[in-house]
Amino acid sequence: MGIFITDERIILIDHQGVTGKKTKVSTIDLDAIYEVSMESGGTGFDDSELIIHYITSPYYKANNITTAAYRFEFKKKFNIQSLYVALQSAATQNRKRING
């Protein structure tokens, strides 16, 4: 799986199947993220996790919004702290914008 972060979205590329010929591409708009949580790797073989909650509805201020969550897993040695801080900052700004 490949993850790319631009100034507007997170792009997820997943090569599927044995040959990797089938590819799934999906995106998460950064302005749709409203919550981020992190779990760092422990002392064992645990990997680090970053969970992003985001709005999937086209209208963020609608009465019946739909949401989803995406879980990223990183190797234990990968420091996810800076990524978490950046995404959490975006989530905080988004909540203020959406609720303001």
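**Entry 1, S57.** I started with S57, which, leaving aside its neighbours within four places in sequence, is in contact with N64, I65 and T66; contact means heavy atoms within 4.5 Å. I am working with a predicted model, where local features need pLDDT of at least 70, side-chain atom pairs count only at pLDDT 80 or more, and totals for chains, interfaces and linings use all residues. Residues are numbered from 1 along each chain as its sequence is written, and side-chain values use heavy atoms, with hydrogens and water left out.

Next I looked up where S57 sits, and found it in the loop between β5 and β6. Strands (E, at least two residues) and helices (H or I, at least four) are DSSP runs, numbered from the N terminus.

Is S57 buried or exposed? I found S57 buried, with a relative accessible area of 9%. Buried means under 20% relative accessible area, exposed over 50%, and partly exposed in between (1.4 Å probe, protein chains only).

I also saw that the S57 side chain reaches the backbone nitrogen of T66 at 2.4 Å.

How many salt bridges does a search of the whole structure find? I noted three. A salt bridge here is a side-chain nitrogen of Lys or Arg within 4 Å of a carboxyl oxygen of Asp or Glu.

I found R9 in a salt bridge with E8, their closest N and O atoms being 3.9 Å apart. R9 is partly exposed at 30% relative accessible area, and E8 is partly exposed at 47%.

R9 also forms a salt bridge with D29, and here the closest N and O atoms are 3.4 Å apart. This pair links distant parts of the chain: R9 belongs to strand β2 (residues 9-16) and D29 to strand β3 (residues 22-29), 20 residues apart. I looked up D29 too, and D29 is partly exposed, with a relative accessible area of 28%.

My next pair was R71 and E49, a salt bridge whose closest N and O atoms are 2.6 Å apart. R71 lies in strand β6 (residues 67-74) and E49 in strand β5 (residues 48-55), so their bridge ties together parts that are 22 residues apart in sequence. I checked accessibility again: R71 is partly exposed at 47%, whereas E49 is buried at 16%.

Which residues do salt bridges with shared partners join into one network? I wrote down E8, R9 and D29.

Methods:
Polar contact = N/O pair within 3.5 Å; in protein donor to acceptor, adjacent residues only side chain to side chain.
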